[in-house]
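This report describes how the parts of one structure are arranged. Please look at the sequence and the structure before reading on.

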Amino acid sequence: MSGLARPVRSIFSFYLFLVRRARRTKAFALVALLPAVTALVIRINAWLTPGASVDGPAVFANMVLTFNLQFLILVLALFYGTSISAEEIEGRTLTYLTTRPVPKAAIILGKYGAYGVFLGGMVIVGVAAAFAILEADRLADAAEWLVLLRSVAVLALGLATYLAFFTLAGVLLRKSILFGLMFCFGWENIVPYFPGATQRLTLMHYLKSLLPPVATGGEGRFAFLMFKLEPSAPAAAVITLAAVTAAALGLACWAFARKEYSFEE
Amino acid sequence: MTAVIRTQGLSKWYGNVLGLSDVTLEIGAGITGLLGPNGAGKSTFMKLVTGQLKPSLGRVEILDRPVWNNTALFARIGFCPEQDAFYDELTGGEFVTRLLELQGFSRAEAEERAGKALRFVELAAEKDRLLRGYSRGMRQRLKIAQTIAHDPDILILDEPLNGLDPLSKRKIIRLIRDLRDAGRTILVSSHVLPEIEALTRSIVLLHHGKILAQGDVPYIRELIDKHPHKVAVTCADPRTLAAGLLGQPSVLNVQFGPEAGTVVFETRDRDAFFGRLTRLIAEGAQDVEEITSPDDNLQAVFDYLVGT
C-alpha cells in the first residue's frame, strides 16, 4: 500500500489542477451555489415584505435534504464518478497515464480523491453560504452551527459513497450514465419511501438516518418526504456507508487494473 | 545484437478478430521501423510492448522482464501514441510538466526537464499556449516531448509522422535520428515506406498481424523488386511514348489511364525502364508532365508480397 502513496499523490495533484480548468466545473459550480442564491432570494423577499419572517432552520434543513442530498450530490457523484475512467477512454488520454510508472489503482484512487475533495469543497461552500444567509440572525447559537456541521458531514459522506459507487459503475459499464440516472432518480429517490426493511437497500436511507433531527423530525414543508423513514442507528449507518465506499473503490481498482483499453484513430 | 525488446510467439485477439499472430522478434539499440498498411497490427504490437494490452498468447519482455502491469519498467519507456489526444485545458508546458510529475519527479525537476524537452522539439516559445491552440505539427512534436522528457532508454513511437506537413516531418525525422545517436532503442511505426526509409535501414514488415519480412532496407527493396511495379506517365502524346517503350524487355504491360494523357507501364526492372524513359525525354521525343508510381502506396507493395 505504501507503494501506492506517491503515485496516488501525483495523480491527485494532477487532477485537482485539471478539474479546476474543466469547462463542466464552472457549470456545476453554479448549480452548487443555487442553495445560496435561493437563500438570498428568500431573505430579500422577507426583507421587502412587511410582516414576513423566515424560519431559517427549517428552510435550511429542507434545502439540505431536498436539494443537496437528494439531487446535487447524486448528480455531481454521477457525472464525476463515471468520468473517472470514461473521460480518459473517450478522450483517448488514458495512454498518457497507463504508460507511466503509476499503478492503475493509483489512477482510480488519485482521481477519486481529487474529484471528491474538489466537489466536497464546492458543496460545502454552497451549503455554508446558504446557512449564513438563512440563519444570519442565529449565528451566535452554537446549536445551529452543530446542525451545519452535521449536515456538511452527511453530505461529505454521501458524496464520498456515491462517488465511489459511480466510479465502479464507470469502470464496469459502458452506459454508466444511463444506469446512474436510473439508479439516482429511480432507486435512490423512490425506495427510501417504502416502509419496512426495503429502504435499507438504498444508500439514501443511511444518509437520511444521519441527518440532524430538524430535517427528519417531521418539521418543514417537505417533511412529508421523510414520514416513512425508519432510521438505522447512526453507527450502523456510518459503517454501512464506509463499507460500501471501500468495497466500491476496491472493486473499481481491481477491475480497472485488469481491463485493457485500445484506441484507434 | 543485445535484445532490448523481445517477443516470443506474441499473439493478440480482440474477441474473434486477430490483431497479432505469433510474432517473434528481437529488437536492439538503434531505430527499428515497423512497417505495414493500416490494420496490419503495428499499433497492437506497440500497445503490447508498452503494457497497454495483455498478450492473448506468447510473451513480450523488455530488458528481460515481462511488461504487463510491470509499472516499474514504464519509467524506462517513452511512448508516443498515434492518437491526437491531449488535455486541452493545459498549456504545452503544463502538459509535459504534469506528466513528468507522474514519473516521480519533483515540481522543480519536472519543470526543468519539461523546458529541456520543449526546447529539443522547438516548442519552448509556445509552452504557455493552451493545447487547443496548437497546430497538428506542434501537437505531434509535443507528443515527442512528453515521450523523451523523462530520458527513457526505450522509445516507442506510433506513427509519429502521421498527418504532418513535409517541414514538420523533416523536423521530427531529425529529432528521432538525434535520439538514435544518443544511444536510445527506438521502435517507430509507419505505413509509408519512404518515411521509414528516412529513419532506419532496419525494417519489420507486418501484414494481417503477422511478420511478412524482416531485414534491412536493401533486402526489403529486393523483395519488392522481384515483383512488377507500375509507373504512370502523363505526357502530351502517351501513345507515341508507349510505342517507344513497348519494345523494351523490361516492360511487361501497358495500359492507358482513365485520365487523358496518362499511360501506365508495368515493369520488373525499374532501373532499365527508367533508363530508357530518361533517354526518350532527353532526346526530346516526349514532353513529360508527371511521373508517378502507384506502387509507392504500401498496400500495393504488400499486395505483391502476399501474392494477391
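## First sheet of chain B

In this predicted model, strand E1 (residues 5–14) of chain B runs antiparallel to strand E4 (residues 57–62) of chain B, and five bridges join the two. One residue pair can be named here: B:Arg6 has B:Glu61 as its bridge partner in E4(B). In general, the strands of a sheet pair through backbone hydrogen bonds, either parallel or antiparallel.

E1(B) and E4(B) belong to an open sheet of four strands, with the order E2-E1-E4-E5 and antiparallel pairing. Strand E2 (17–27) and strand E5 (65–66) of chain B are the edge strands, each of them pairing on one side only. Helix H1 of chain B lies across E1, E2 and E4 of that chain, and H1(B) runs at about 60 degrees to E2(B).

B:Thr234 has B:Thr262 as its bridge partner in E13(B).

## Overall form of chain A

Chain A has 11 helices and zero strands. From the N terminus on, its elements therefore read α-α-α-α-α-α-α-α-α-α-α.

The C-alpha trace of chain A spans about 65 × 40 × 35 Å along its principal axes. A compact globule of 265 residues would have a radius of gyration near 18 Å, and the 20 Å of chain A agrees with this.

## Two helices of chain A

Helix H4 (residues 56–90) and helix H8 (residues 176–190) of chain A have axes that come within 10 Å and cross at roughly 155 degrees. Angles over 145 degrees count as roughly antiparallel, so H4(A) and H8(A) are roughly antiparallel to each other. Their crossing is right-handed.

On the side of H4(A), the contact is made by A:Gln70, A:Leu74, A:Leu78, A:Thr82 and A:Ala86. H8(A) contributes A:Ser176, A:Ile177, A:Gly180, A:Cys184, A:Glu188 and A:Asn189. Sorted by class, the contact of H4(A) with H8(A) has five nonpolar, five polar and one charged residues.

## Where the chains meet

Between the two chains, 26 residues of chain B are in contact with 27 residues of chain A. On the side of chain B, the elements that give two or more residues are helix H1 (42–49), helix H2 (71–74), strand E6 (77–80) and helix H3 (92–102). H3(B) supplies the largest share of this side, four residues.

By class, the side of chain B that touches chain A has 12 nonpolar, eight polar and six charged residues. H1(B), one of the elements on this side, is also the helix that lies across E1, E2 and E4 of chain B.

Definitions and conventions. Residues numbered from 1 in each chain as written. Chains lettered and ligands numbered in written order. Predicted model: local features only at pLDDT ≥ 70, side-chain atom pairs only at ≥ 80, totals over all residues. Axes fitted to C-alpha atoms, helices over the stretch in contact; angles between N-to-C directions. Parallel < 35°, antiparallel > 145°, perpendicular 65-115°, else oblique. Left-handed = near helix turned anticlockwise from the far one by under 90°. Contact = placed C-beta atoms within 7 Å. Nonpolar A, V, L, I, M, F, W, Y, C, P; charged D, E, K, R; others polar. Pairing = 2+ DSSP bridges. Rg over C-alpha atoms; globule rule 2.2 N^0.38 Å.
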